[in-house]
Amino acid sequence: MRAKCEVVTVGDELLLGQIVDTNSAWLAERLATLGIECARMSTVGDDIDAIAEAISTAASRCEVVLVCGGLGPTPDDVTRDAVARVLGVELRRRPELVERIERLFASRGYRMPSNNERQADIPDGAELIPVMPGTAAGFFSRVDGAVVYVLPGVPHELREMFDAFVGPDIVSRFDVESVIEWRTLRTWGETESGLAERLSGFGEEPTGRVGVSLAFLPSSGEGIRLRVTARGDDKGEVRRVLEESVSRLKERLGDLVFSEDDRSMAAVVVDMLKDRGESVGVAESFTGGMVAEALTSVPGASSVFRGGVVAYDPEVKFSLLGVRRGPVVCEEAAEDMAEGVRDLMGVTWALATTGVAGPDSSEGHPPGTAYLAVAGPDETRVACVRFPGDRERVRRFATITALDLLRRRLSSLGR
């Protein structure tokens, strides 16, 4: 039996856009690793009728239903009431849960408010999930032919419950026929349509009993992710076909691929510099420290990143970095900035960014103009690039492109 799952998320805040639903994506990915197909996702507000209808409909067409959210202590947390309605039972207060919630509050030095007792109300006959990271108790029950698991909406609580109990419980109940594995390649330097053209026909090659699919996942300012998914009955065969597919992708795309394990561009650059035993510094103008921030967000970056200078005012460029007096949005200024900070920091490599983020033009250049420089032991190279979009997009694109220029330079040198 091939089990399918539907995820139902609950909360007015989700429908209003006040909170981004990360739970659905996380659960879908976890389910895929178990060989469970996530067939549908839906979101409903804090309304008993809407939640009950969503659960009943999901249970009528899937073997597994995951309901997330609405288990808090406030009056708008009505998921437990909706589940009780679907089951045709009453809510029953569990004294052991009340005691557990009281102990949790006491351990944090607080007295439990009386409204938290609502979190101990469970539909009669439902079984408790034996993992409870917070004050919300998860539970599960049969609805028609489906198993409905009800989880809190707090992400870390949901994830702990799923990994420790729900996932293994699903596997134990169903004879999962398929194996699903995937790899994510991250690219920079080509548009989605350009990648699609380069990869025309990919996935159409015969692979025996293993199906291969390719998904294009744009992410603003971080390039395009390519997710290669292989699905079949034999785990070893699925993995073999997946690796072959990844190899073919890399052959077609060359150095457009900067990561095979979902690492960021900054993380890739930091690792390359670590492997070479080299260091880097940055001089930034219109990116305002974004390149430095990207590097320092990588754990262990302190071993390679020496520091940076945000030279926003032209006088700082002239006096501190030795930039030749004159226009500062030009190739010569980017070159001087990179070489100046390389000398100032005493590093192997230096990056520099100068340009026009917008919304207005500057020195005759339109918004989106960027001069990006990489100074190294042998020479300094400057690229002039025009980026689309508003001010923030231009700055993000310039940041990852500057790091990519260094990545390509390091890659061309080898170890």
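Leu128 has Phe139 in strand S7 as its bridge partner, where strands are DSSP runs of E of at least two residues and helices are runs of H or I of at least four, numbered from the N terminus. The model is a predicted one, in which local features need pLDDT of at least 70 and side-chain atom pairs count only at pLDDT 80 or more, while totals for chains, interfaces and linings use all residues. Residues are numbered from 1 along each chain as its sequence is written, and side-chain values use heavy atoms, with hydrogens and water left out.

Strand S6 and strand S7 (residues 139–143) run antiparallel and are joined by 2 bridges, and two strands pair if DSSP finds at least two bridges between them. Both belong to an open sheet of 6 strands, ordered S2-S1-S3-S8-S7-S6, in which the pairing is mixed. Strand S2 (37–44) and strand S6 (127–128) each have a single partner strand and stand at the edges, so one side of each lacks a neighbour in the sheet.

Helix H2 (residues 23–33) packs on this sheet and touches strand S1 (4–10), S2 and strand S3 (64–68), contact meaning heavy atoms within 4.5 Å. The direction of H2 makes about 165 degrees with that of S2; axes are lines fitted to C-alpha atoms, for helices over the stretch in contact, and angles run from 0 to 180 degrees between N-to-C directions. Helix H4 (residues 79–87) also packs on the sheet, touching S1, S3, S7 and strand S8 (146–151), and its direction makes about 25 degrees with that of S7.

Turning to charged side chains, the structure holds 30 salt bridges, each being a side-chain nitrogen of Lys or Arg within 4 Å of a carboxyl oxygen of Asp or Glu. One of them joins Asp169 and Arg173 at 2.7 Å, N to O, and both residues lie in helix H6 (residues 155–173), 4 residues apart, about one turn of the helix. Asp169 counts as buried at 12% relative accessibility, whereas Arg173, at 34%, counts as partly exposed; buried means under 20% relative accessible area, exposed over 50%, and partly exposed in between, with a 1.4 Å probe and protein chains only.

Another salt bridge links Glu315 and Arg325, whose closest N and O atoms are 3.0 Å apart. This pair links distant parts of the chain, with Glu315 in helix H11 (residues 314–321) and Arg325 in the loop between H11 and helix H12 (331–345), 10 residues apart. Glu315 is partly exposed at 41% relative accessibility, and Arg325 is exposed at 61%.
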